[in-house]
Amino acid sequence: MRTRLFVIVTGAGLLLAAAPVWAHHAFAAEFDIDRPLKLRGTVTKWQETNPHSWIHIDVKGPDGKVVAWAIEGGSPNTLYRLGFTKESLVPGTEILVDGFQAKDLSHKAVGKNITLPSGKKLFLGGSAPGASGDGAEETKKR
């Protein structure tokens, strides 16, 4: 009886410990590899949160209207290891974002990399193919 109780309690503990993993999404769950995009915009806010950071930018469309976009990046720790600093994305900085649009066609994307006004390119270390800068681009279309 004690062995059975131990197995049940241990199993329940493992299921509860794995719950955060279920909540974490993969690239293909939310973003579309067939919808690559390049956005030039002005940083309005940089949220350094776990497990993903978010870069909010205002993008001026061809019609002159400004549209707010949210760009998902890697965790703050990952970004700092890839060369970001606290001053990398201050509000007002114009950046060029390479990434992939959300499947729901909202103004949300996952970033692969950004290019700063100086021309310096920083990888976003998130779930997008090539976001880590390790050359592991995904070339196969799904």
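Surface, strands and pairing in a predicted model

The accessible surface of the protein chain comes to about 8700 Å², and 59% of that area belongs to carbon and sulfur atoms. The model is predicted.

User: What makes a residue count as buried, and what percentage of the protein chain does?
Analyst: The cut-off is a relative accessible area under 20%. Of the 142 residues in the protein chain, 38% count as buried.

User: Why are strand 1 and strand 4 called paired?
Analyst: Pairing requires at least two bridges between the strands. Strand 1 (residues 31-47) and strand 4 (residues 94-102) are joined by eight bridges, so they pair by that criterion. The two run antiparallel.

User: How many residues lie between strand 1 and strand 2 in their hairpin?
Analyst: Five residues lie between the two strands of this hairpin.

User: Which order do the elements of the protein chain follow from the N terminus?
Analyst: The order is α-α-β-β-β-α-β-β-β, with three helices and six strands in total.

User: What percentage of contacts between residues at least 6 apart in sequence join residues at least 24 apart?
Analyst: In the protein chain, 55% of them do. A contact here means heavy atoms within 4.5 Å.

How values were computed: Residues numbered from 1 in each chain as written. Predicted model: local features only at pLDDT ≥ 70, side-chain atom pairs only at ≥ 80, totals over all residues. Heavy atoms only, no water. Helix = DSSP H or I, 4+ residues; strand = E, 2+ residues; numbered from the N terminus. Buried < 20%, exposed > 50% of the residue type's maximum accessible area, 1.4 Å probe, protein only. Areas by Shrake-Rupley, 256 points an atom, 1.4 Å probe, with all protein chains shown as cover.
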